[in-house]
Amino acid sequence: MRHKHPLSIVRLARSFEALFEILFKILGVAITYILLNGILIILFRDDGLNRLINSYGLLLIDKAYQSEDLFNLLIFPVLYILKDSYRIAEPFCIQAYITDTDVTVESGILTRKVDKLKIENLENIELVTTPMGRWNLNLWKKYGTLNLYAYGGLVVIPYLENPGREQLKIETNQAKIKTKTVIHYDV
C-alpha cells in the first residue's frame, strides 16, 4: 500500500465564511420584510385619503392588512436558509489524502462518506474559489474547492489550502502515470 499524503484543509476561515453567508441571507429576508411591510402599510392604511386603496386591499386579501401575514410568509425562507447551518461545522469533518495513484476524500458530520478516484481515470479538474477564499491575508489563507471529474463520477476536495498547487501536483502525477513514472509523496 502506498503512503497517503494528507492535503491541507482550511477549516476556521471557511466556517466563518459559511456563517457570514447564512447571516447575509437572513439579513436579506429581514430587509425584504421591512420593505414589504412598509409598502403594505402605506398602501393599506385606514385614513381618509387612502380609502379607495384600502377598499381595494380589503377586496384582495379579504380582511384588513396585518403584518403577521407577511411575517408568516417570510418565515419559510428563513427556515430554508437555516437548513444549511451544518455548513458552519462541515470543514472540521473533512479529510483528504493523495497517494501516487489516487485521491481520497472522507467527509460527513454524522454519516461518513469516502470518495476515492484513481488519478489515471481523471478527465477534468475544476477549481472553484469563493471571494473570501481568494483573500490572501496573514490569518486568512487562500483556499478553494477542486472538483475532479472522471467517467461516471465526481470527487470534490472542498476548502483545500492553495488548490492551484495541489491541482498542479495531480496533473503532474497524471502525466507521470501515463508515462509510468510516478511522483512519490513523502511527509
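## Overall layout

The protein chain has four helices and seven strands, where helices (H or I, at least four residues) and strands (E, at least two) are DSSP runs numbered from the N terminus. This is a predicted model, so local features need pLDDT of at least 70 and side-chain atom pairs count only at pLDDT 80 or more, while totals for chains, interfaces and linings use all residues. Residues are numbered from 1 along each chain as its sequence is written, and side-chain values use heavy atoms, with hydrogens and water left out.

Walk along the sequence and the pattern reads β-α-α-α-β-β-β-β-β-β-α. Of the 187 residues in the protein chain, 35% count as buried; buried means under 20% relative accessible area, exposed over 50%, and partly exposed in between (1.4 Å probe, protein chains only). Take the contacts (heavy atoms within 4.5 Å) with a separation of 6 or more: residues 24 or more positions apart account for 53% of them.

## The three-stranded sheet

Strands β5, β6 and β7 line up in that order as an open sheet, with antiparallel pairing. Two strands pair if DSSP finds at least two bridges between them. The edge strands, each pairing on one side only, are β5 (122-128) and β7 (153-161). From one strand to the next the twist averages 20°, using axes that are lines fitted to C-alpha atoms (for helices over the stretch in contact) and angles that run from 0 to 180 degrees between N-to-C directions.

The antiparallel pair β5 and β6 is joined by six bridges, and Asn-124 stands opposite Tyr-149 in β6.

Is Asn-147 buried or exposed? Asn-147 is buried, with a relative accessible area of 10%. Its side chain makes a polar contact with the side chain of Glu-126, at 2.7 Å. For a polar contact, a pair of N or O atoms must lie within 3.5 Å; within protein, one must be able to donate a hydrogen and the other to accept it, and residues adjacent in sequence count only if both atoms are side-chain atoms.

Leaving aside neighbours within four places in sequence, Asn-147 is in contact with Asn-124, Ile-125, Glu-126, Val-128, Leu-154, Val-155 and Val-156.

## The β3-β4 hairpin

Over in β3 and β4 (residues 113-118), six bridges hold an antiparallel pairing. Val-105 has Asp-115 as its bridge partner in β4. Five residues sit between the strands of this hairpin, where Gly-108 takes a positive phi near 120°.

## Nonpolar cores

In soluble globular proteins, nonpolar side chains tend to be buried together. A nonpolar core here is a set of buried Ala, Val, Leu, Ile, Met, Phe, Trp, Tyr and Cys residues joined through side-chain atoms within 4.5 Å. The largest has 24 residues, and Val-103, Leu-146, Leu-148, Ile-157 and Ile-170 touch the most other members. At least two residues of this core come from each of β2 (95-98), β3 (102-107), β5, β6, β7 and α4 (163-178).

Which residues does Ile-170 touch, not counting those up to four places away in sequence? They are Ile-98, Val-103, Ile-119, Leu-122, Ile-125, Leu-146 and Leu-148.

Rings of Phe, Tyr and Trp (its six-membered ring) pair if their centres lie within 6.5 Å; planes under 30 degrees apart count as stacked, over 60 as edge-to-face and the rest as tilted. By this rule there is one aromatic pair. Phe-16 and Phe-20 form it, stacked at 6.5 Å centre to centre with 25° between the planes. They are four residues apart in helix α1 (residues 12-44), so about one helical turn separates them. Phe-16 is partly exposed at 38% relative accessibility, and Phe-20 is partly exposed with a relative accessible area of 34%.

Tyr-159 is not a glycine, yet has a positive phi of about 55°. Tyr-159 sits in strand β7 and is buried, with a relative accessible area of 8%. Asn-162 has a positive phi too, near 50°; Asn-162 lies in the loop between β7 and α4 and is partly exposed at 33% relative accessibility.

Lys-141 belongs to the loop between β5 and β6. The C-alpha atoms of Lys-141 and Ala-13 are separated by 7.5 Å, although these residues are 128 residues apart along the chain.
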